[in-house]
Amino acid sequence: MDWLSLLPPLLYGAEVTAWITLASTAGGAILAFAAGIGSTARFAGWRWLAGLYVQIFRGTSLLVQLFWLYFALPIIGIRLSPEVAGVLALSLNIGAYGAEVVRGSLNSVDAGQYEAATALNFTPIQTLWRILMPQALIEMMPPFGNLAIQNLKDSALVSLISLADLAFAADNLRNRTLETLPILILTLLLYFAMALVLMAAMRLLERYLRGVSGREATR
Amino acid sequence: MLFGFHWDLSSPEAFALSILPILLIGMKITILATIFGFLIAMALGLVFALLRGVPLRAVSWPIAFIVEFVRDTPLLIQLYFLYYILPDYGITLPALETGIITLGIQYSAYTSEVYRAGLEAVPRGQREAARALNLGAWRTYRDVIVPQAIPRIVPALANYLISIIKDTPILSAITVLEMLGAAKIVGDRTFRYMLPLTLVGVLFLILTAVAATAVRYLEKKLPRAGIALK
């Protein structure tokens with residue numbers, strides 16, 4: 001069997017991987033901002049909630065979270081499809097890491113900026129969106145890029161709850177054809193190619209934000 | 001029954017208590033895989049970092065590519081790769097050993113960056129001063145650069161130890177019975193997943209919290225000025 005005939009089934013899987021990665025990176029970004037902003041809130045309840053979320057999802061393993069959502073939740077009547085469980089677990093996991101990035105970047109904005117905003121009678125929301133966030137956003141981009149790559153790699157784990165992504169397609173094809181070496185090399189190359197594309201996309205986003213904010217990210 | 005322990009399904013408490021020894025045996029594998037995977041990652045990462053610093057491009061470029069490639073591809077696929085390919089070349093290793101080696105290789109890509117960044121963060125003036133004092137390359141590294149780089153390198157390395165802990169459940173994909181693998185089997189056989197999986201989550205929280213505390217303690221103990229190798 002030649003390598004070209006192995007490619008189509010893998011590409012189908014790669015498409016699923018791409019969707020899962022995009023969906024969970026977007027979901028993770030939302031959770032990251034929610035929890036990251038929550039951890040800087042004045043109300044202790046938000047800080048506590050954000051801290052608990054980050055602690056639980058950074059402190060345990062992604063695969064444990066995935067299995068918990070997929071195998072344990074049905075017992076209390078919540079049955080998730082592999083797609084939903086996969087995207088949810090990946091989002092929750094990467095969101096917890098992202099929350100630390102958001103929190104760190106917000107805290108790294110010079111304290112004088114915050115004081116000036118208070119002196120000018122900005123409301124907390126105005127201070128956040130007009131003063132802190134524009135300065136912090138560019139600082140978040142390099143670590144966010146790393147997290148996006150991590151998320152792409154982590155997405156391979158959804159194959160273990162029978163979601164037909166690239167890793168699943170590779171394992172499936174390997175069982176049927178026994179062409180183990182070419183299949184796994186192609187799979188690694190496909191993941192690597194997707195990582196390069198993702199990196200380029202994050203660079204573009206960073207460059208756009210640099211243009212908008214007129215700032216450089218410190219690396 | 002697993003690892004010689006029977007489970008007791010009479011009540012949730014009895015069930016939890018009866019599977020705890022099973023999970024703790026799994027935890028032993030988790031810790032074992034973490035420690036040995038980390039040792040390999042530290043050693044191999046240093047090799048990569050040193051080779052990448054070689055002024056010969058025929059050496060440094062391929063190494064840079066390998067490091068990038070390993071870092072940007074999933075652990076799971078690398079695991080399959082070593083587990084299914086090595087036997088074709090006459091190297092048959094047990095699943096746990098294969099898993100440990102894969103963890104070591106994956107994380108060596110990260111640790112090599114830690115070493116590189118740590119060494120590069122030492123101010124240039126230090127190298128220049130060593131040169132002005134007529135120190136050789138070896139003595140410059142041993143007595144000037146490395147001692148100052150250690151306080152930067154150690155905490156970053158230790159953080160990857162915590163990451164490795166959280167990646168060990170992936171080894172269950174190649175039949176290693178670590179904590180999660182054991183809990184999954186208990187669930188498969190009793191149709192009760194909630195308790196074993198939640199217990200595993202709690203045990204992971206404890207493991208990572210202990211490791212994080214140790215890392216913070218280590219960070220505080222490290223002298224900022226550096227550690228002499230003599």
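A: The bend at a residue is the angle between two axes, one fitted to the seven residues ending there and one to the seven starting there. Helices are DSSP runs of H or I with at least four residues, strands are runs of E with at least two, and both are numbered from the N terminus. The model is predicted: local features need pLDDT of at least 70, side-chain atom pairs count only at pLDDT 80 or more, and totals for chains, interfaces and linings use all residues. Residues are numbered from 1 along each chain as its sequence is written, while chains are lettered from A and ligands numbered from 1 in the order in which they are written.

Start with helix 4 of chain A, residues 82–108. It bends by about 25° at A:Ala96. The expected span of a helix is 1.5 Å times one less than its number of residues. For the 27 residues of helix 4 of chain A that gives 39 Å, and the end C-alpha atoms are 39 Å apart, which agrees.

Next, helix 7 of chain A, residues 166–177. Its twelve residues should span 16 Å, and its end C-alpha atoms are 16 Å apart, in agreement. After the helix comes A:Leu178, with a positive phi near 60°. A residue is buried if 20 or more other C-beta atoms lie within 10 Å of its own, exposed if 12 or fewer, and partly exposed in between, with C-beta atoms placed from the backbone. Buried residues of helix 7 of chain A include A:Leu166, A:Ala167, A:Phe168 and A:Leu173. Their cover includes helix 1 (3–38) and helix 8 (180–213) of chain A, together with helix 3 (75–85) of chain B.

That leads to the contact between the chains. Two residues are in contact if their C-beta atoms, placed from the backbone, lie within 7 Å. Chain B gives 28 residues and chain A gives 26. On the side of chain B, helix 3, helix 7 (179–190) and helix 8 (194–221) each give two or more residues. Helix 8 of chain B has the largest share, nine residues.

B:Leu76 shows the contact up close. Leaving aside neighbours within four places in sequence, B:Leu76 is in contact with A:Ala156, A:Leu157, A:Ala167, B:Ile170 and B:Ala173.
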